[in-house]
Amino acid sequence: MKKLLILAIVVLFATPALAVQTLNYSWENPPATILTSYGNLCCDTNVSGAQTGSQGYGNPDYTCAGAVDGTYYLHVAEEPIGGTPEAFVAWVTGLLEGDIVEAMFYGYDITPGASPSLRIWGGYTSDPNDVDSYHGSAGGNSDYTAGTGWDLVSHTWTFNADGGNHDGLTIKARLYSPSIPLRDQDHVDFWVDDVTVTAPDHAMIHFPGAVPVEVESWTSIKALYR
Ligand SMILES: [Ca+2]
């Protein structure tokens, strides 16, 4: 009886640790591109194989040899250059105060310490049915892609529910272009692949072009221990 009681307590305390989901998305469902965008983002396309694009200054062309994961990956561009455009690559809804969300993706960058570069950033949403229901910045990682080819950027957020005004968290690739473009090169290309998101099981993780992922509810998790 005592052993059963201890087992029950262990299960009780162990269950929350199991209630986390980690999902990956890498654009292997063409022609899917992004969930939405902000600012001067254009030309989003689902691509495969080698791609050549503009860096927007004196060395205009750079080439990405192909996806970092699978066959397909995301291409976006900034045009005209101005502000900091954002490509929304994932969205987590149904979040509660204090929930931990971790996300990461690869951005392509061959210029260490110089643009073009990418960052990972987050934004709050208020409406679980509208990815454009922006309700303030959630911050992100101030590190840029390193400039060594496909570079991983990641960040962990502690969800601020704002008294129930916030429901979701958007995961965004922020695009940083050279600040003084040549007049005839007012366009910079970027590539992204392989997004991974970890969130509590009670939340729902959305990716471009994908049917929302149904997660196991607390009820079904508890049923495992009956
Ligand atoms: Ca891919």
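Trainee: Where is the place of Asp-162 in the chain?
Mentor: This is a predicted model, in which local features need pLDDT of at least 70 and side-chain atom pairs count only at pLDDT 80 or more, while totals for chains, interfaces and linings use all residues. Residues are numbered from 1 along each chain as its sequence is written. Helices (H or I, at least four residues) and strands (E, at least two) are DSSP runs, numbered from the N terminus. With these elements as landmarks, the place of Asp-162 is the loop between β11 and β12.

Trainee: Is Asp-162 buried, exposed or partly exposed?
Mentor: A residue is buried if 20 or more other C-beta atoms lie within 10 Å of its own, exposed if 12 or fewer, and partly exposed in between, with the C-beta atoms placed from the backbone. Asp-162 has 13 other C-beta atoms within 10 Å, and therefore it counts as partly exposed.

Trainee: Phi of Asp-194 is positive in a residue other than glycine, so what value is it near?
Mentor: Most residues other than glycine have a negative phi, and most peptide bonds are trans. Asp-162 has a positive phi near 50°. Asp-194, which belongs to strand β13, has 20 C-beta neighbours inside 10 Å and so counts as buried. Its phi is also a positive value, near 65°.

Trainee: Which residue in β13 stands opposite Leu-23?
Mentor: Of the 13 residues of β13, 10 are buried, so this strand is largely enclosed by the rest of the structure. Two strands pair if DSSP finds at least two bridges between them, and β1 is joined to β13 by six bridges in an antiparallel run. β6 also pairs with β13 in the antiparallel sense, over five bridges. In β13, the residue opposite Leu-23 is Val-197.

Trainee: Over how many bridges do β9 and β12 pair?
Mentor: Nine of the nine residues of β9 are buried, so this strand is largely enclosed by the rest of the structure. Ser-117, Arg-119, Trp-121, Gly-123 and Thr-125 point one way, while Leu-118, Ile-120, Gly-122 and Tyr-124 point the other way. β9 pairs in the antiparallel sense with β10 over four bridges. With β12 the pairing is antiparallel too, and the number of bridges is nine.

Trainee: Which residues does Gly-83 contact, leaving aside its neighbours within four places in sequence?
Mentor: Two residues are in contact if their C-beta atoms, placed from the backbone, lie within 7 Å. Gly-83 is located in the loop between β6 and β7, and its C-alpha atom is separated by 8.6 Å from that of Tyr-176, 93 residues away along the chain. Leaving those neighbours aside, the contacts of Gly-83 are Gly-39 and Asn-40.

Trainee: What is omega for the cis peptide bond that joins Ser-115 and Pro-116?
Mentor: The bond from Pro-30 to Pro-31 is cis, with omega near 10°, and Pro-31 is placed in the loop between β1 and β2. Pro-116 belongs to the loop between β8 and β9. For the cis bond from Ser-115 to Pro-116, omega is about 5°.
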